[in-house]
Amino acid sequence: MLTVRNLSKTIEGKKVLDDITFTIGKGSIVGLVGRNGVGKTTLLRTLVGILDPEQGEVLYEEENIAVKPEVKRSIAYVPDSTATFNGYSVKELVRLYKAIYPEFQEDFFYSHMKEFKLPTNRKVRTFSKGMKALMFIILAISTKAKLIILDEPTNGLDAIIKRQVLQLLIGEVSESELSILISTHHLDELEKIADTIMMMKEGKIESIITMDNAKEHFKKVQVVFKGDYPEELGQLQNIVRINQIGRVHTLLIKGDTENTMNQLNTYQPILFEELPMTLEDMFISALGGDDREGH
Ligand SMILES: Nc1ncnc2c1ncn2[C@@H]1O[C@H](COP(=O)(O)OP(=O)(O)OP(=O)(O)O)[C@@H](O)[C@H]1O
């Protein structure tokens with residue numbers, strides 16, 4: 001449904017997007033994760049045509065969005081900041097959305113506003129952060145766009161509303177076969193809803209893996225060696241030591257996990273135990289561990 005090919009973008013002399021290529025299929029929920037400042041928002045803004053790519057292309061159902069802007073109607077974007085719309089009333093926003101999205105479902109919008117107890121006779125400015133975030137998600141779903149792109153959508157939502165919003169999104173995916181691309185730092189939420197995780201590092205896509213495959217690509221283990229932690233293992237780039245209590249080391253392994261586990265075993269650890277892996281662990285093992293000088 002969405003094909004992104006060799007997308008690059010430089011802002012103020014810095015390559016913020018560097019040769020990005022990926023596809024999103026129908027009915028898929030893709031989580032875009034990465035550390036602060038790696039280019040997630042820039043990527044999303046480029047996908048929806050707010051920013052122009054310097055190289056590469058974005059195709060929706062084989063149509064280039066730069067050449068055929070009307071295909072943008074099939075994509076709804078919820079930015080991380082909606083301050084631009086503060087001066088609008090809810091009714092004015094609905095009018096604006098109807099003008100952009102001919103299939104906008106007004107009844108659906110108002111019934112969901114009511115369900116979430118959101119007022120419809122006020123200016124957006126008077127909404128709390130959470131109310132605003134929720135309304136823009138409802139607006140996006142009401143467009144009936146086939147692809148919804150969300151930048152940090154659950155920021156400011158309380159735990160109960162958050163759960164309801166995620167359920168609403170999942171419900172739409174299974175009912176209408178829409179696809180969702182969601183950028184977030186809330187890995188625990190993403191873990192529950194995403195089928196694919198796309199990790200970004202320094203403007204590049206570091207990895208794209210399905211949640212089903214994730215367990216093969218990432219492992220978390222606890223090991224105890226007779227002596228010190230073997231120096232050679234310390235040199236391996238795909239092992240991140242996340243914790244050490246006495247001689248018990250907790251390690252995150254990425255990539256060729258089977259080979260690395262075998263390598264660990266050659267040092268004859270006196271304890272070697274695999275632990276359950278979370279998306280946060282995967283994030284740390286893929287993208288963490290390089291903050292210190294010289295790393
Ligand atoms: N308009 C701009 N002018 C200058 N630099 C910019 C601009 N927009 C983005 N950048 C730079 O591009 C890089 C990527 O920014 P971006 O907002 O895309 O990151 P992000 O991954 O969304 O970060 P975060 O997780 O903190 O929201 C950063 O170094 C940022 O400073």
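These legends describe close-up views of a predicted model.

Residues are numbered from 1 along each chain as its sequence is written. The model is predicted: local features need pLDDT of at least 70, side-chain atom pairs count only at pLDDT 80 or more, and totals for chains, interfaces and linings use all residues.

**View 1. The whole protein.** The secondary structure comes to 10 helices and 14 strands. Both are DSSP runs, numbered from the N terminus: helices are H or I with at least four residues, strands are E with at least two. The C-alpha trace spans about 70 × 40 × 35 Å along its principal axes. Of the 295 residues, 34% count as buried. Buried means that 20 or more other C-beta atoms, placed from the backbone, lie within 10 Å of the residue's own.

**View 2. The six-stranded sheet.** Six strands form an open sheet, in the order β6-β7-β8-β3-β9-β10, with mixed pairing. β6 (75-78) and β10 (204-210) stand at the edges; each has a single partner strand, so one side of each is left without a neighbour in the sheet. The twist averages 15° from one strand to the next. Two strands pair if DSSP finds at least two bridges between them.

**View 3. Bridges around Leu 32 and Ser 183.** β3 pairs in the parallel sense with β8 (residues 179-183) over four bridges. With β9 (residues 196-201), β3 also pairs in the parallel sense, over five bridges. Leu 32 has Ser 183 as its bridge partner in β8 and Met 198 in β9. Strand β7 (residues 147-151) runs parallel to β8, joined by five bridges. There, Asp 151 has Ser 183 as its bridge partner.

**View 4. Helix α1 and the ligand shell.** α1 (residues 40-47) gives the most to the shell around the ligand, with three residues. The surrounding residues include Glu 12, Gly 34, Asn 36, Lys 40, Thr 41 and Thr 42. By class, the shell has three nonpolar, six polar and two charged residues. Ala, Val, Leu, Ile, Met, Phe, Trp, Tyr, Cys and Pro count as nonpolar, Asp, Glu, Lys and Arg as charged, and the others, Gly among them, as polar.

Key. A residue is buried if 20 or more other C-beta atoms lie within 10 Å of its own, exposed if 12 or fewer, and partly exposed in between; C-beta atoms are placed from the backbone. A residue is near a molecule or strand if its C-beta atom, placed from the backbone, lies within 6 Å of it. Axes are lines fitted to C-alpha atoms, for helices over the stretch in contact, and angles run from 0 to 180 degrees between N-to-C directions.
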